[in-house]
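Look at the sequence and the model below.

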Amino acid sequence: YALRPEMDADEIGLVALLELHDAVVEAGGHPPVVVASDDLADRPEATMAAYCRAVGLPFRADALSWAPGERTEWRRTQRWHADVAESGGIVRRPQRYEHTVDTNDFLADAAARHRPAYETLVAQRITPIEAGS
């Protein structure tokens, strides 16, 4: 909303993400691996170690850091990548927004619509694991 106030509430995508998750499970596929962004921001190494274990990939701690800078493939959507272009790794970056669910009816309604899907998905998230576990 901060980048595109004309957005549609469906663009948040959590309802559609839960529908996709459920369709995969109902079709007999492996349940999708759910990663909570709070876990990733607060404990990137432990969260990525758990993700790699869940999908059968070797964990590489060196993949959690990079040289800051723009990437050519981001050129069209540069404003969406401003924070990551300035970063050198996964860190929580507190943001202050003019409009929030407490001050904007559209955001409050959108949050209420997507909250059940969020709660269902976050309840199925992987548990971060410490290195060596």
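Predicted model: local features only at pLDDT ≥ 70, side-chain atom pairs only at ≥ 80, totals over all residues.

Residues are numbered from 1 along each chain as its sequence is written, and side-chain values use heavy atoms, with hydrogens and water left out.

**Largest pocket**
- The largest pocket holds about 1,800 Å³ of space (the volume filled by probe spheres set on grid points joined across faces, edges and corners).
- A pocket is an open set of points on a 1 Å grid over the protein atoms alone where a 1.4 Å probe fits, with protein on both sides within 12 Å along at least five of seven lines; lining residues have an atom within 4 Å of a point.
- Its lining has 39 residues, and S37, D83, R93, Q95 and Y97 lie nearest the centre.
- Helix α5 provides the largest share of this lining, six residues (helices are DSSP runs of H or I, at least four residues, numbered from the N terminus).

**Second largest pocket**
- The second largest pocket has a volume of about 290 Å³.
- Its lining has 14 residues, with L14, L17, V34, V35 and L121 nearest the centre.
- α1 gives the most to this lining, four residues.

**Residue T47**
- T47 is in helix α3, residues 44–55.

Key
Helix = DSSP H or I, 4+ residues; strand = E, 2+ residues; numbered from the N terminus.
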